[in-house]
Amino acid sequence: MQRRSWNIDERKILGWGSPDETYDISDRPRFLPFFKKQLNLKELTKARSVPPAEISLPDQSLNEAFLAEAKLLLKTDAIKTDHETRLRHSFGQSNRDLIRLRLGLVEGSPDAVIYPTSHDEVQELMFLAKQHDVCLIPFGGGTNIVGSLDRPAEERRMTVALDLCRMNRLLEVDPYSQTARFQCGVYGPDLEEQLAPHGLELGHYPDSFYCSTLGGWIATRSAGMHSNAYGK
């Protein structure tokens, strides 16, 4: 498992994985006929995907008092409100999400994305969010398939996606008991790379290994499709 992590800001918007990877089905001549038969379709028409830059997002609702205090707490590049960053943090990776993205149907989107780097920063941001009545949605690798990144339709407060990818460090390791403590936003390959010098590995390999985080695995009780024994 030597491949590097796929950060959300580097991955495809209208598909899965790295932008330089394609999935050719020309060597699977029976795939489309089988698909048409199972869905009782006479014809298949290739739909045009809406380019990401042309996808309309909901109007932003910015709580300036919250942002002003957050800027004092964080590094200068830790708060983003641009179109592409908001779009990338609007959906997970389910078929439902990808179809809606390709059709340009974005009904809910975070107003801003914030990148904390430590437990203390997260704690302070949660305090500020409560103080200023701001909604926070935690964001790991963005691979979820259960709609947990959707902004609630009835939500009228400023909504912030709390992207934890910069919390990616090994904090401590005990080789004797073979335990380690990481920050929650570490991606799979980065986690294994930091464990390797200590003669350890986690061995947890879900299909999304390259682009999902430790915190996401724990939050979803991930089993890992390719894990064995202790990897689960």
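## Pockets, cavities and a helix pair

The second largest cavity is lined by His89, Gly108, Ser109, Pro110, Ile137, Phe139, Leu149, Arg151, Thr159 and Ala161. Two strands, β3 and β4 (159-163), are the elements that give two or more residues to that lining. Sorted by class, this lining has five nonpolar residues, four polar ones and one charged one. Keep in mind as you look around that this is a predicted model.

How many cavities of 30 Å³ or more does the structure hold? There are two. The largest cavity is lined by Ile8, Arg11, Lys12, Ile13, Leu87, Arg88, Ser90, Phe91, Gly92, Gln93, Leu101 and Gly142. Its lining splits into five nonpolar, four polar and three charged residues.

Now for the pockets. Here are the volumes of the pockets and cavities in one place.

| Space | Volume |
|---|---|
| Largest pocket | about 1,100 Å³ |
| Second largest pocket | about 620 Å³ |
| Largest cavity | about 100 Å³ |
| Second largest cavity | about 60 Å³ |

Start with the largest pocket, at about 1,100 Å³. It has 22 lining residues, and Lys46, Ala47, Ser49, Ile99 and Arg102 are the closest to its centre. The elements giving two or more residues to this lining are α1 (31-39) and α4 (95-102). Helix α4 makes the largest contribution, with four residues. Count the lining by class and you get 14 nonpolar, four polar and four charged residues.

The second largest pocket has 27 lining residues, and nearest its centre you'll find Thr143, Asn144, Gly216, Trp217 and Thr220. Which element supplies the largest share of this lining? That's α7, with four residues. Both β3 (135-139) and α7 (214-219) supply at least two residues. By class, this lining has twelve nonpolar residues, 14 polar ones and one charged one.

Last, take a look at a pair of helices. Helix α2 (residues 64-73) and helix α5 (residues 119-132) have axes that come within 10 Å and cross at roughly 165°. Are the two helices roughly parallel or roughly antiparallel to each other? With that crossing angle, α2 and α5 are therefore roughly antiparallel. The crossing of α2 past α5 is right-handed. On the α2 side, the residues in contact are Ala65, Phe66, Glu69, Ala70 and Leu73, and they meet Glu121, Glu124, Leu125, Leu128, Ala129, Gln131 and His132 of α5. In terms of class, that contact has seven nonpolar, two polar and three charged residues.

Note on methods. Residues are numbered from 1 along each chain as its sequence is written. This is a predicted model: local features need pLDDT of at least 70, side-chain atom pairs count only at pLDDT 80 or more; totals for chains, interfaces and linings use all residues. Side-chain values use heavy atoms; hydrogens and water are left out. Axes are lines fitted to C-alpha atoms, for helices over the stretch in contact, and angles run from 0 to 180 degrees between N-to-C directions. Angles under 35 degrees count as roughly parallel, over 145 as roughly antiparallel, 65 to 115 as roughly perpendicular and the rest as oblique. A crossing is left-handed if the near helix is turned anticlockwise from the far one by less than a right angle, and right-handed if clockwise. Contact means heavy atoms within 4.5 Å. Ala, Val, Leu, Ile, Met, Phe, Trp, Tyr, Cys and Pro count as nonpolar, Asp, Glu, Lys and Arg as charged, and the others, Gly among them, as polar. On a 1 Å grid over the protein atoms alone, a cavity is a set of points where a 1.4 Å probe fits but cannot get out, and a pocket is an open set with protein on both sides within 12 Å along at least five of seven lines; lining residues have an atom within 4 Å of a point. Grid points are joined across faces, edges and corners, and a volume is the space filled by probe spheres set on the points.
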